[in-house]
Amino acid sequence: MGWLRRVQAVVRVRTLIVQLLSLVIAILLGGLLIAKRSGADAPPPKGKGASAAASSSAAAAASGSAAASSSAAPDNGKPPEDQMEDAVLVGDAGGVPIHEQGEFRSPFANPKWGKVADVRVGIVINDITNYDIHTGSYVADFYLSLTSEKDMPSMDLMFPNGKPDEKQVIADKPTFKLYRFTGTFTTPPDLRKYPFDRQQLTIQVEENTEGIDQIRLVPDQEHTHLEAGFEVIGWDVVHIEAVSIVHNYPDRFDHDDLYYGRYEFRLGIERYGTSAVFTVYVPAIIIVLISLMGMWVPFENVDVRANAGAPMLAAAVLFHFALISALPAVSYLTRADKLMIGVYFSLFLNMLSTWWFFVVKPGSIETVFRIARTLVPVATVILMVIACVV
Amino acid sequence: MIILAAASALAVGCEKKAHNYETKVTLKGVEVVAHDKAGTPQIIEVNVEYPDCPGEQLETLQGNADFTKCALKFKVGDVLPASIEWGPTDFGHYDSEITRIGECSRTRDPRDARSYEVVQECTDVNVNGVKAGFHCDRKPNKELLDKCPWFARQ
């Protein structure tokens, strides 16, 4: 049995070197992963409007403006558009001109406007390009139509979650306006289900100064479309949605009590399933399968057995690092992360079964080999199933 | 590797075969969009809906001069039998084409970018119990695919 002990000692040293090297690489790459993850912050704000969302109250547009429509002024003739005209300075207003009549004190309220104009908002998306999952930004090219039975005030549209690079006014009549915009917009990505994630690309539209006492934005279903042949490269369109909400900003000045209507168009997209499986799941499963092959290598070739498992740990960490590099820093685990945790545990089990040889008596090596060959694959399958479905 | 090879072979082998379907369409719009120099209609655009399919499916299609000549007799509101060819595309998904409406056969020009369809099912979006907008699912659901399988795209 002396020769066996000498062989054991030699292969133990060689195996330890290989495994230590793999562990060092894995730890270094793991450190990089953790460093990348530790930079994760809360999702970025959605722009001016969303930064105020903490204190904003969202409600259905219809409910918000019902009261506003009770303004006293008659609807005949052209109502005054300059809200500041009738605002007055009073003692306790802190220097801000306010309206003493009507529901809102804000200088941007217009108590003489009369009946609220129901503005139907239609949108046709021509194109969405350059979607960057890192920043959640994309370039959108779209037509926006505003239609109202009653004359609209002069509209000054702004986009709380983006910035138009180009604005083309195609029609500008009191009851009908048509624009074409091209601009860059941002929506924080939700990567919890990555690589089977579904994103919602939003275009928010808000009137800059006219509040819900003058206009009410109403999504126009009949005139909300995607242009023929529309597609977002690499993604499948799953839904479109348009809603109108009312909200107010945290007080920007004294008596900033006017609510504003906001229209939101949302495009739901999801990653192609086949692409997700082949870019994430197949490589991870191959890493595990290759490492499992070592289970059938007996102790006499224990260095071969160790090499089937330990280097796979470095490969797994490298693969995980590549996956994470394609995503922004997030403060939660994606499905891909959970899959990789399953891979790490599987590889750990694999390495554990090899180390087991060195802590048992020579007579028990064959028993350890048989037990590991049965237990490790079964435990790996269970682990990977859990990692895939959790 | 063997498992992977088997899975890949299975995935390739599982591609569904092309299929022809018969259904009915309701004409929602008929418009001649191009004439020749003599004023003869060359291209007609037809909008159709599928009365037997749940949800909202609007298909816009154009045809060549032969189809145009035949389709000139169509009137908005007509409900006509239609043949549909469904099958895999070169891009790895599936698509369908109307190949006949009534007695008019149609062959789509592969460069025809105008013909398209909108398949969606819309519901109201309520916020605090008040309607705030609408939501339209663009992925065909099971009910639609059971009744009208040519809308399958994957």
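How many salt bridges does the rule find across the interface of chain B and chain A? Across this interface the rule finds 2, a salt bridge being a side-chain nitrogen of Lys or Arg within 4 Å of a carboxyl oxygen of Asp or Glu.

Before selecting anything, note that this is a predicted model, in which local features need pLDDT of at least 70 and side-chain atom pairs count only at pLDDT 80 or more, while totals for chains, interfaces and linings use all residues. Residues are numbered from 1 along each chain as its sequence is written, chains are lettered from A in the order in which they are written, and side-chain values use heavy atoms, with hydrogens and water left out.

Select A:Glu270 and B:Lys139 to begin with, whose side chains form a salt bridge at 2.5 Å, N to O.

Next, display both chains: 19 residues of chain B are in contact (heavy atoms within 4.5 Å) with 24 residues of chain A. The area buried between them, meaning the accessible area (1.4 Å probe) that the two parts lose on being put together, summed over both, is about 2,000 Å², and carbon and sulfur atoms give 62% of it. On the chain B side, B:Phe134, B:Arg138 and B:Lys139 lose the most area to chain A, together 33% of what that side buries.
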